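Follow them in order, with the structure on screen.

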Amino acid sequence: MRIRILGCSGGIGLGLRTTSILLDSDTLIDCGTGVGDLPLAELRDIKRVFLTHSHLDHVACLPLILDSTFDERVSNPLEVFALPETIKALRDHMFNDILWPDFERLPSAENPVFKFTPIAAGEVITIDERRIRAINVFHTVPSLGFCFEHDDNVFAFSGDTMTNQDLWPILNNYEELGALVVEVSFPNSQSELAQTAGHYCPQTLAKDLEKLRHEPQIWVTAMKPGMQEQIFEEVLQAIPGRKINRLKRGDVFEI
Ligand SMILES: [Zn+2]
């Protein structure tokens, strides 16, 4: 399985793209602005999307992909996997014929260009030889993290989360955890804001990482624009014993 980072920033700005991860050529995790850099041919190859949650930086390009690839989707609808609460939020607030057309009824309700498939935390979706496990995480809205499993390799992605009890025991259950991408959005000086917004800061991430018995390579992601250097430096100070990297747009992992 090839894992390609299309976007990993907590916001926009020159060279910055929000969260989107491409698995091989056909599966997206989140639909932030990073996916907008793909050529049309690659957008057409995407068959399904897994959404961590409903926040705009993770879904902003979903309606635009449908518009850009509309003709191809008429006979080959994009399948969007998400929590029922996420699906409801997108139906109510995005595909509501006000903010954007209801593409679940276009070109017709019988033959739409995309469809939602509800998933639950704990569920494992198998696609060919790839397995994608949804994990409950704690954010301001119902949210998932994902583990991508192929052969005996595991790549974990936290999605947006704050301190939580669910992610770490699940990661500990794997015999081998090769890589972990985990969010850390705010610096320690904004720890209260991080708590309110349902995100990690370096000190809360350090505390949670004490629960992890594996020693994977760790990449931190979703840092606020303009604060990346500060946040990453605080991460390195707070977590001196682990192998920590800063996730970059364009990074590619093979598992
Ligand atoms: Zn969020």
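1. Let's begin with His55, which sits in the loop between strand 4 (48-50) and helix 2 (56-59). Helices (H or I, at least four residues) and strands (E, at least two) are DSSP runs, numbered from the N terminus. With 24% relative accessibility, His55 counts as partly exposed; the scale calls a residue buried under 20% relative accessible area, exposed over 50%, and partly exposed in between (1.4 Å probe, protein chains only). From His55 to Thr117 there are 62 residues in sequence and 18 Å in space, C-alpha to C-alpha.

2. A word on what you're looking at: this is a predicted model, where local features need pLDDT of at least 70, side-chain atom pairs count only at pLDDT 80 or more, and totals for chains, interfaces and linings use all residues. Residues are numbered from 1 along each chain as its sequence is written, and side-chain values use heavy atoms, with hydrogens and water left out.

3. Now look at strand 11 (179-183). How many of its residues are buried? The count is 5 of 5, so the strand is mostly covered. Ala179, Val181 and Glu183 point one way, Leu180 and Val182 point the other way, and all are buried.

4. Strand 11 has a partner, too: strand 10 (residues 153-157) pairs with it in the parallel sense over 3 bridges. Pairing here asks for at least two DSSP bridges between two strands. Across from Val181 in strand 11 you'll find Phe157.

5. Glu176 counts as exposed because its relative accessibility is 52%. It belongs to a patch of negative charge on the surface, together with Glu129, Asp151, Asp152 and Glu175. Patches take residues with over 30% relative accessible area and no salt bridge, joining like charges within 9 Å and nonpolar side chains (Val, Leu, Ile, Met, Phe, Trp, Tyr) within 5 Å. Asp and Glu count as negative, Lys and Arg as positive, while His and the chain ends are not counted. Each charge is placed at NZ of Lys, CZ of Arg, CG of Asp or CD of Glu, and the areas come from the Shrake-Rupley method with a 1.4 Å probe.

6. On to the salt bridges, meaning a side-chain nitrogen of Lys or Arg within 4 Å of a carboxyl oxygen of Asp or Glu. By this rule there are 19 of them. One joins the side chains of Glu42 and Arg4 at 3.0 Å, N to O. That pair links distant parts of the chain, with Glu42 in helix 1 (residues 40-45) and Arg4 in strand 1 (residues 2-7), 38 residues apart. Glu42 is partly exposed at 28% relative accessible area, and Arg4 is partly exposed at 23%.

7. Asp92 and Lys88 also meet in a salt bridge, 2.4 Å from N to O. Why are they separated by about one helical turn? Because Asp92 and Lys88 are 4 residues apart in helix 5 (residues 84-93). Asp92 is partly exposed at 35% relative accessibility, whereas Lys88 is exposed at 52%.

8. Finally, Arg246 forms a salt bridge with Glu229, the closest N and O atoms being 3.1 Å apart. Here strand 13 (residues 244-246) supplies Arg246 and helix 9 (residues 228-238) supplies Glu229, 17 residues apart and in distant parts of the chain. Elsewhere, salt bridges with shared partners join Asp24, Asp26, Arg48, Asp128 and Arg130 into one network.
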